[in-house]
Amino acid sequence: MKRRSALLATAALTAFMMTSAAWGQVGYPDRPIKIILPYAIGVSPDIVARLLAERLGPALGRPVIIDNRPGAGGMVGAEVAAGMPPDGYNLLFTVKGVMAIVPHVYPSAKFNSLKDFKAITEILQVPHLIVATNKAPYSSMKELVEYAKRNPGKINYASNGTGSHPHVGMETIANRLGIELTHVPYKTAPGPDVIAGVVDLFLEASTTAIPSIKSGRIKALATSGPERIPALPDLPTLTEFRADLDPKGATGNSWHGVFAPAGTPEPIIARLNTEIVKIVKTQDMQDRLRAFGLTPTGTSAEHLASELSADFAYWGKIVRELNVKVE
């Protein structure tokens, strides 16, 4: 009888421990949550991440802190996030380029997008615009291509770092157009140098591009995506210029999403998904994001995981074709 009681007690304790592990720490969250952002302050993902953090903190009852870790096209921040404890207190706010492009460009990357993270939710879809300094002697895609063919290699363009989406995306567009451009990678936000005329072009997220375009500080040549941006209705899409440049936004569009380190308990993932999706669906957040030319989504974790898998394969093929690699 005593042996049976002992066995039952052991089984009950084991079940309790398994349940506790499955549900994560009781009372989550009970301390501040850190969101690692693999980009510099002031760029598109930083702006959106801070809008989210301002609203997620009150929803969870704990402060949500943004930790900017830029470098190597986002690889630095992703590596840091992958090594964090899977406890729900360390998250990654990232973009398509970091998760689907960077691992192919940097063979030495110490993270695996598909294995080291759990998807929580996609926040939005973001178009990218080809913008130019006002000093540039071209104001349309047609004029850009004509000038570039007369002056091969003389036009330079900025990016958020080697391997970033603005880098590989612009290389893809240039390759399809048959023009030669010179890449200038930045560790900080390139926008100010485009305005000043230090660099000629930038494949810039609509978040930061639209305010500069509307104020007349830069000019826009085209936007990615299947449709024109409501905020800039006169700006043509890349596919209006040539159908193969950006089919369905595959080349120029990006997404912002939230991930957690692999091993984070499913109930924590579910709680974060619920709260973040609620925030994205609020009228206030919808209005703020749409003003930047963004399309709010707020998806299931499964949708983001599937999207990442498809994008990872798509961009892996392009990176191999272009032979873009950093050892």
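My entries below go through the sheet, the helices lying on it and some salt bridges.

**Ground rules.** I kept in mind that this is a predicted model, where local features need pLDDT of at least 70, side-chain atom pairs count only at pLDDT 80 or more, and totals for chains, interfaces and linings use all residues. Residues are numbered from 1 along each chain as its sequence is written, and side-chain values use heavy atoms, with hydrogens and water left out.

**The sheet.** I looked up the strand order and found an open sheet of six strands, S2-S1-S3-S10-S4-S11, with mixed pairing. Strands here are DSSP runs of E with at least two residues, helices are runs of H or I with at least four, and both are numbered from the N terminus. Two strands count as paired if DSSP finds at least two bridges between them. At the edges I noted strand S2 (64-68) and strand S11 (295-296), each pairing on one side only.

Next I checked how S11 is attached. Strand S4 (residues 117-126) and S11 run antiparallel and are joined by two bridges. Leu 124 stands opposite Pro 296 in S11. A reminder to myself: strands of a sheet pair through backbone hydrogen bonds, either parallel or antiparallel.

**Helices on the sheet.** I then asked which strands helix H2 lies across. Helix H2 (residues 44-60) lies across strand S1 (33-37), S2, strand S3 (90-95), S4 and strand S10 (254-261), and runs at about 160° to S2. Helix H12 (residues 301-322) lies across S4 and S10, at about 80° to S4. For these angles, axes are lines fitted to C-alpha atoms, for helices over the stretch in contact (heavy atoms within 4.5 Å), and angles run from 0 to 180 degrees between N-to-C directions.

**Salt bridges.** I counted 13 of them in the structure, each a side-chain nitrogen of Lys or Arg within 4 Å of a carboxyl oxygen of Asp or Glu. I looked at three.

- Asp 244 meets Arg 242 at 2.8 Å, N to O. Asp 244 is partly exposed at 35% relative accessible area, and Arg 242 is partly exposed at 31%. My cut-offs are under 20% for buried, over 50% for exposed and partly exposed in between (1.4 Å probe, protein chains only).
- Asp 30 bridges to Arg 31, with the closest N and O atoms 3.6 Å apart.
- Glu 275 meets Arg 271 at 3.5 Å, N to O. Both lie in helix H10 (residues 266-281), four residues apart, about one turn of the helix. Is Glu 275 buried or exposed? I found Glu 275 buried at 13%, whereas Arg 271 is partly exposed at 28%.
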